[in-house]
Amino acid sequence: MKLYVLRHGKAGAGLPWPEDYHRPLTEEGRAEMRRIAKRLRALDIAPQAIITSPLVRAKETAEIVAQELGLGKVLRVDDRLACGARPGDFQSAVAGLNSAMVVGHEPDLSALVAWLSGATAEMKKGGLAAVECTAVEPNNGTLLWLAPPKLLTG
């Protein structure tokens with residue numbers, strides 16, 4: 001399986017979103033994610049499914065990427081991927097797929113990459129990692145690459 005791990009883009013902070021769940025991407029975050037999504041299309045990244053956290057900033061990120069990649073029909077929201085998701089939650093979310101992109105939050109995504117590959121990763125907002133694994137299980141994967149947003153927007 002090839003698993004793409006994408007952290008949501010830059011989001012608004014604090015008020016007027018007293019609930020973290022509802023914080024949307026900023027205009028800068030949306031623009032950056034559109035540039036990143038165009039780069040992903042140029043790299044022929046086309047996962048079988050895009051699975052996102054239900055939080056607004058992650059959903060908006062996933063929607064931008066799905067639209068640019070022409071994958072709107074395979075985009076799905078999974079409540080297990082909200083803040084605090086554990087590697088087993090991601091494991092369940094991608095079960096049965098040959099390739100997938102998960103969109104979520106820190107520190108959950110760095111923990112997932114480490115769980116799969118043993119590699120230490122710091123997922124910047126808009127950053128993307130690619131992990132190849134025979135099964136979504138601990139220490140079963142290889143971190144192929146980790147790209148910060150600056151590399152993807154170049």
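Reader: In E5, which residue is the bridge partner of Val5?

Author: In this predicted model, strand E1 (residues 2-7) holds Val5. Five bridges join E1 to strand E5 (residues 128-133), and the two run antiparallel. Within E5, the bridge partner of Val5 is Ala129.

Reader: And which residue in E4 is the bridge partner of Val5?

Author: E1 also pairs with strand E4 (residues 99-104), in the parallel sense and over six bridges. Leu6 stands opposite Val103 in E4. For Val5, the bridge partner in E4 is Val102.

Reader: What is the average twist from one strand to the next?

Author: The sheet is open, with mixed pairing. From one strand to the next, its twist averages 20 degrees.

Reader: Which strands does helix H2 touch, and what angle does its direction make with that of E2?

Author: Helix H2 (residues 56-69) packs on the sheet. H2 touches E1, strand E2 (49-52), E3 and E4. Its direction and that of E2 make an angle of about 165 degrees.

Reader: Which two residues does a cis peptide bond join?

Author: Most residues other than glycine have a negative phi, and most peptide bonds are trans. In the loop between E4 and helix H4 (108-117) lies Pro107. The bond in question is cis, with omega about 5 degrees, and the residues joined are Glu106 and Pro107.

Reader: Where is Asp44, and is this residue buried or exposed?

Author: Asp44 is in the loop between helix H1 (27-42) and E2. Its phi is positive, near 60 degrees, in a residue other than glycine. Because its relative accessibility is 67%, Asp44 counts as exposed.

Reader: What is the relative accessible area of Asn139?

Author: Asn139 lies in the loop between E5 and E6. Although not a glycine, Asn139 has a positive phi of about 55 degrees. Asn139 is exposed, and its relative accessible area is 62%.

Conventions: Residues numbered from 1 in each chain as written. Predicted model: local features only at pLDDT ≥ 70, side-chain atom pairs only at ≥ 80, totals over all residues. Heavy atoms only, no water. Buried < 20%, exposed > 50% of the residue type's maximum accessible area, 1.4 Å probe, protein only. Helix = DSSP H or I, 4+ residues; strand = E, 2+ residues; numbered from the N terminus. Pairing = 2+ DSSP bridges. Axes fitted to C-alpha atoms, helices over the stretch in contact; angles between N-to-C directions. Contact = heavy atoms within 4.5 Å.
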